[in-house]
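Trainee: Please take a close look at one thing for me, the packing of helices, and go through it step by step.

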Amino acid sequence: MTRWVLMVSASESADRVEQHHAFVDAAAKAEVGHLVYISFFGAAPAATFTLARDHWATEERIRSSGLPYTFLRDNLYADFMPALVGDDGVIRGPAGQGRAAVVGQDDIADAATAVLLEAEDHQGAVYDLTGPQSLDLEEIAAIVGKATGRTVTYQSETVEEAYQSRAHYGAPDWQVDAWVSTYTAIASSELAQVSDAVPTLTGHPATALADVLSRGR
């Protein structure tokens, strides 16, 4: 029996790449018929966002495994934008005036479903999944504020300020690097491009941030 598998990345951890490699190796041993991997937009060995490098390493393991595959490279989750807001109503980070084409998780699920239903048609494909707009953090703050009924603003930090403002969490270095590089990846325009993959795969328009947040209220 042909088995199609959807591989969702593990929770962030210092050994996530090793966990992913073990999963891929097990899938290859089981002779999975097609592996659909939820990756990250701009996955590359030198990506600014540190966790995008982990996704690249996972993609490379899948490629070398010989498994038929499809990669769905998600932009930042639109659903998580309210979590960027501090208790004082401020989004802080070194994103400058950079932009991100944040994508709704429901759209990702729809795209994954479409690929799994017709896996052979998508063998070897890499799809960038984004929302319909590329937004800077001032625009995101305004949309989040309207959706939540709060006054939300964006305050740009330097990289040094970003590390200092997050030091009190006591998180490991790799985690703080990931947090800060989320913003520096936005600043570098690595997350700015809008793709047509969501409407192409799903048959419906990609969902705007405001609509994602209104659905979640």
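Mentor: Helices (H or I, at least four residues) and strands (E, at least two) are DSSP runs, numbered from the N terminus. This is a predicted model, where local features need pLDDT of at least 70, side-chain atom pairs count only at pLDDT 80 or more, and totals for chains, interfaces and linings use all residues. Residues are numbered from 1 along each chain as its sequence is written, and side-chain values use heavy atoms, with hydrogens and water left out.

Start with helix H5 (residues 159-166) and helix H6 (residues 173-187): their axes lie 10 Å apart, at an angle of about 140°. That angle makes H5 oblique to H6 (under 35 degrees is roughly parallel, over 145 roughly antiparallel, 65 to 115 roughly perpendicular, the rest oblique). The crossing of H5 past H6 is right-handed, meaning that the near helix is turned clockwise from the far one by less than a right angle. On the H5 side, Val159, Ala162, Tyr163 and Arg166 make the contact (heavy atoms within 4.5 Å), and their partners on H6 include Trp179 and Tyr183. By class, this contact of H5 with H6 has seven nonpolar, one polar and two charged residues. Here Ala, Val, Leu, Ile, Met, Phe, Trp, Tyr, Cys and Pro count as nonpolar, Asp, Glu, Lys and Arg as charged, and the others, Gly among them, as polar.

Now the other pair. H1 and helix H2 (residues 50-65) also have axes 10 Å apart, but at an angle of about 20°, and H1 and H2 are therefore roughly parallel. H1 passes H2 in a right-handed crossing too. The H1 residues in that contact include His20, His21 and Val24, and those of H2 include His55, Thr58 and Ile62. Sorted by class, the contact of H1 with H2 holds six nonpolar, five polar and four charged residues.

Conventions
Axes fitted to C-alpha atoms, helices over the stretch in contact; angles between N-to-C directions.
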